[in-house]
Every structure is written in structure tokens, then in C-alpha cells.
Amino acid sequence: MRVIILGPREPIPPVKGGAIEKLTWELAKFLSKNNIETYVLATTTNEENIGRFIEIDGVIVHYVTPPIPGGSLFYFTKMPIFSSRAYTFVNKLCQRECVVHSVYFYNTIKGDYRSTPLVITEFEHYPWIREYLYHYPFISTYARLRWEIDALLRIQLAKLLMPRAKLLTSVS
């Protein structure tokens, strides 16, 4: 069996820390050590590695795009590029049994995963918890409005994408 992990927005293996990156990397290494063919589709800060496959600790890392910045616009600009390239790779690799594990639900923006078992793990509390409430009265009206719009976009994307999964998991 193969497991393909659609990784987080930051590089894998972790370069500068980050809980999501560490958890993703540890999961990939655990699966690999238990004789499960494991791929991680990841971002990289080294542009020369984009499109390359590198085996690290028994895990095959395929570098797809540069790191993806956060914010509202990335759902419509950078994320679809990562998602589209990831889906193309999944289609090529899943000629036999495999499972796709997406670290974030928006990694599946582009692609039809109905014929492939899909697990989505959501690591972020945002937009489910209104974070700006913890910063009131220090947050500006503009920042709050921007946050609200971004939260509405994420919630609508979640309603569209999460039903594609066979299993949803949540951390934190």
C-alpha cells in the first residue's frame, strides 16, 4: 500500500520548526518504518528542487512548489497551483491501492478524490474560533473585517471540500 501525504505550506522535513511540519514528518517516517510506501508532497525554499524526488529517512519527498504564504488570496493564487500539481502526481501514482492524507483541507481544492480514499487532518483552529476576539480592543476595524472575510472564505471552502474525505481528523 502507498500513502501520499499532501503536506503543509512550509517545507518538509522541517527547516525552522513548526508543529504541523514536525507532526507531518514524524507521521511519514513512522509509516515508512512500518513498510508502507510513503510519499510527502511538499514545498521547498530551494527552487532547484521543485519537481524532484528525494528520499529522506525512507520517505520519498516530492517538492511541488515554493512555500505558500497565508492570507485570503492564497486560496485562489498559490494553493490551487500546489493542489493541481499534487493531484496530477496522485493520479500517476495511484494506479494501485493508495491512500491520500491531506494535512489541510484546502490542499484538495483541485482534484477529484472520489476514487481514492482521502483522509483530511485539520490542524488549525482558525476560522472555527474567532481569534480576533482574543485581541480586542487592540485589533483595528480593518484587520477585523479582513479576518472576517478570510474566515467566511475558509468556512465555505471547508463545506465544499471536507465532504470529499472518507475520514476527517482534527488536531488541537
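**Close-up 1. P13 lies in the loop between β1 (2-6) and α1 (19-33).** The peptide bond that joins I12 and P13 is cis, with omega about -5°. Most residues other than glycine have a negative phi, and most peptide bonds are trans. The model is predicted; local features need pLDDT of at least 70 and side-chain atom pairs count only at pLDDT 80 or more, while totals for chains, interfaces and linings use all residues. Residues are numbered from 1 along each chain as its sequence is written, and side-chain values use heavy atoms, with hydrogens and water left out.

Close-up 2. N35 is exposed, with a relative accessible area of 75%; exposed means over 50% relative accessible area, buried under 20% and partly exposed in between, for a 1.4 Å probe and protein chains only. D57 belongs to the loop between β3 (53-56) and β4 (59-65).

**Close-up 3. β2 pairs with β1 and with β4.** Strands count as paired if DSSP finds at least two bridges between them. β1 and β2 run in the parallel sense over five bridges, and I5 stands opposite V40 in β2. From β1 the chain crosses through α1 to β2, a right-handed β-α-β crossover. Right-handed means that, with the strands pointing away from the viewer, the path from the first strand over the helix to the second runs clockwise. The pairing of β2 with β4 is also parallel and has five bridges; in β4, Y63 is the bridge partner of A42. Six of the seven residues of β2 are buried.

**Close-up 4. Helix α2 covers residues 78-93.** At 1.5 Å a residue, its 16 residues should span 22 Å, and the end C-alpha atoms are 23 Å apart, which agrees. The expected span is 1.5 Å times one less than the number of residues. The buried residues of α2 are M79, P80, F82, S83, A86, Y87, F89, V90 and L93. What covers these buried residues includes β1, β2, β3, β4 and β5 (98-102), where contact means heavy atoms within 4.5 Å.

Technical notes: Helix = DSSP H or I, 4+ residues; strand = E, 2+ residues; numbered from the N terminus.
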